[in-house]
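Me: I want to see how the labels on this model follow from their cut-offs. Take me through a few.

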Amino acid sequence: MLPDTLPRPHPTQAPPRIVAVGFRRINKMLQALAPEFADRAAVEVLDVGFEEAVARVRALQAQRPVDVVVAAGSNGGYLRQHLDLPVVVVKVGGFDLMQALARAKRQSSRIGLVTYVGVAPDIHQFDDLFGLGVHQRSYRTEDEAQEAVRELQQEGVDVIVGSGLSADMADQLGLTGIFLYSMDAVREALEDAVEVARASRIELTKRERLNTILAQLSDGVIAVDAQERIQTLNPTMAQWLGISPTQWLGLKLSEVCPELSLQATLRLGTQELEKIERVKGKALIVNRIPIVEQGVLTGAVLSGQDPISIQRVDRHIRTRIQPNTVPARYELQQLLGHSTALQRVQRMALSCARSQATVLILGESGTGKELVAQGIHMASDRRELPFVAVNCAAVSETLLESELFGYEEGAFTGARRGGKIGLFEAAHKGTIFLDEVGEMPLSLQSRLLRVLQEREVLRVGATEPTPVNVRVIAATHRNLLRHVEEGSFRQDLFYRLNILRIDMPPLRDRLDDLPELVRALHRKVCTRLDLDPARTDAIAAALIAQAPSYHWPGNVRELENLVERLVAYADPQTDDALSAEAARAFVRTVAPELFTVDAPKAPSEAAEDASSLKAHQAQRERAEIQRVLDECGGDRTLASQRLGISRTTLWRKLNPA
């Protein structure tokens with residue numbers, strides 16, 4: 001009997017359905033007892049047996065589920081073999097046997113006992129105790145039962161004790177047939193059937209609950225019994241295998257899918273974790289675990305994970321827990337200017353975007369190195385993924401290590417509970433921009449080199465590395481080769497970084513872009529300050545006129561700051577009407593550094609200065625061309641391609657008239 005603490009079927013559920021099967025005598029007993037169980041079960045009695053009984057029960061099962069079948073003797077044995085339902089067989093107790101034999105003894109001393117195999121195992125004890133001299137026979141089939149009765153008749157037996165089948169045959173042959181089964185035995189069988197049905201309902205409820213849980217899992221799951229017969233297979237696994245969830249139930253797993261076999265797990269009782277298996281052309285990460293209940297191995301479970309799903313979840317988790325970073329917002333089209341130098345940068349950046357190699361951006365401060373880095377990211381196939389920027393010069397060495405690589409819980413005093421993800425992990429699948437990489441301490445350069453070589457990060461305090469897929473873009477205003485020679489920058493790291501290279505031209509080398517830059521920055525600043533750009537157009541024009549005479553050591557950043565200074569100091573009530581001379585005077589007052597090279601000159605002197613400036617520019621341009629030509633080994637065609645000019649233009653600039 002199951003404990004009362006187990007869950008019972010919900011009151012709204014239909015009562016258990018019990019189908020009782022039997023001929024004549026047993027049928028009458030079943031009919032008489034069925035009403036006693038009306039409050040606990042719906043008992044349906046069939047006056048059929050064997051093949052016909054199997055057909056009738058299956059038909060009933062198709063209409064509405066049958067919980068349990070009750071039968072006696074050979075009929076019960078036959079139904080057990082041919083039905084996938086619990087079959088409770090009416091049992092003959094010692095008291096039933098004693099009563100039947102006592103009745104037989106009162107009628108004759110020549111008694112025969114004909115039972116289905118194993119029905120009356122205690123007959124020898126009664127026979128020895130009371131000296132009844134019972135002739136016993138057993139049968140498996142109806143023909144065997146009839147033959148047994150005839151043999152006993154020929155041996156002079158007058159009374160046949162046995163099942164309904166053998167008792168009926170005895171009556172037909174003129175013998176006395178005594179039915180072996182009592183009302184108490186039949187009642188006990190029905191009681192057992194109700195309890196089996198109740199237990200089955202409880203088990204079904206548990207199984208349905210478990211299947212509901214398994215159906216929600218993204219992991220594929222298969223559970224087998226001790227013989228490796230499949231008991232549970234959830235929808236995810238069924239989808240991977242290309243079958244329905246119930247198609248393989250009851251079959252041996254190793255026979256239908258050898259790749260997922262659990263035979264070794266059942267034989268050895270040991271678990272096997274994170275093994276890669278290829279099933280139906282699909283790679284799965286598989287775990288095999290034995291099921292042990294009360295110290296007995298009762299089965300095994302296999303769970304599988306889709307590597308693609310794991311990667312998707314991994315990316316989602318890394319994205320959700322990444323530190324607060326500024327996403328990329330600039331594209332290469334936002335690089336202002338049409339000078340030859342800038343167009344070359346744009347072309348090289350687009351080429352870098354099509355590659356996955358590390359990029360090194362060199363240039364003075366304020367030339368737009370981060371803007372180009374963001375533009376490369378936005379033009380690449382990583383554009384929808386993280387862009388993480390870190391200034392290596394703005395963070396102390398100790399803090400920079402934990403920021404870049406993260407740390408485990410308890411790695412150092414003050415470490416955050418649960419640890420912290422590093423910027424490399426935060427940039428997983430995306431791009432990390434290492435600004436001012438030339439300022440990175442030597443102790444961290446070796447760790448950065450390992451990330452670039454192995455594509456894995458070891459958190460501070462961790463023992464296991466974390467794989468990362470990240471595109472690295474580094475930038476610096478320093479001469480890294482000189483630092484390599486001085487020993488302050490690792491040579492091997494330099495070559496790891498210097499795969500794709502972009503040299504950002506300073507503003508003084510792209511003076512042709514000044515008018516466009518000033519106008520764009522003027523509009524940007526006025527929009528930010530909520531001012532009308534028309535009121536300060538004269539000031540912007542004065543700046544454009546004076547800007548080419550300045551060296552611009554701070555490059556575009558300095559230009560933007562200066563534009564904001566001029567707009568902020570301008571009087572919006574009067575400055576819109578300034579003349580060119582007044583605007584120039586205002587610019588001289590607010591930005592005197594633009595005029596420190598020379599005092600105001602006469603037109604002839606200004607022309608000389610302009611000529612000198614052009615000569616200086618031409619000299620720098622020739623030096624740049626010669627440098628690129630040297631890098632190309634004197635190959636003028638290759639040098640022309642890198643510079644973005646024709647061979648004729650290259651020759652003309654190297655050989656001015």
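Me: Why is Cys-392 called buried?
Reply: Its relative accessible area is 2%. Buried means under 20%, exposed over 50%, and partly exposed in between (1.4 Å probe, protein chains only). So Cys-392 is buried. Cys-632, at 10%, counts as buried too. This is a predicted model: local features need pLDDT of at least 70, side-chain atom pairs count only at pLDDT 80 or more, and totals for chains, interfaces and linings use all residues. Residues are numbered from 1 along each chain as its sequence is written, and side-chain values use heavy atoms, with hydrogens and water left out.

Me: What makes Arg-17 and Glu-44 a salt bridge?
Reply: Their N to O distance is 2.6 Å. A salt bridge is a side-chain nitrogen of Lys or Arg within 4 Å of a carboxyl oxygen of Asp or Glu, so the pair qualifies. Arg-17 sits in strand S1 and Glu-44 in strand S2, 27 residues apart. Strands are DSSP runs of E, at least two residues, numbered from the N terminus.

Me: Are these two side chains buried or partly exposed?
Reply: Arg-17 is buried at 5%. Glu-44 is partly exposed at 23%.

Me: Why does the pair Glu-277 and Lys-275 count as a salt bridge?
Reply: The closest N and O atoms are 3.7 Å apart. That is within the limit, so the bridge counts. Glu-277 is buried at 13%, whereas Lys-275 is partly exposed at 35%.

Conventions: Helix = DSSP H or I, 4+ residues; strand = E, 2+ residues; numbered from the N terminus.
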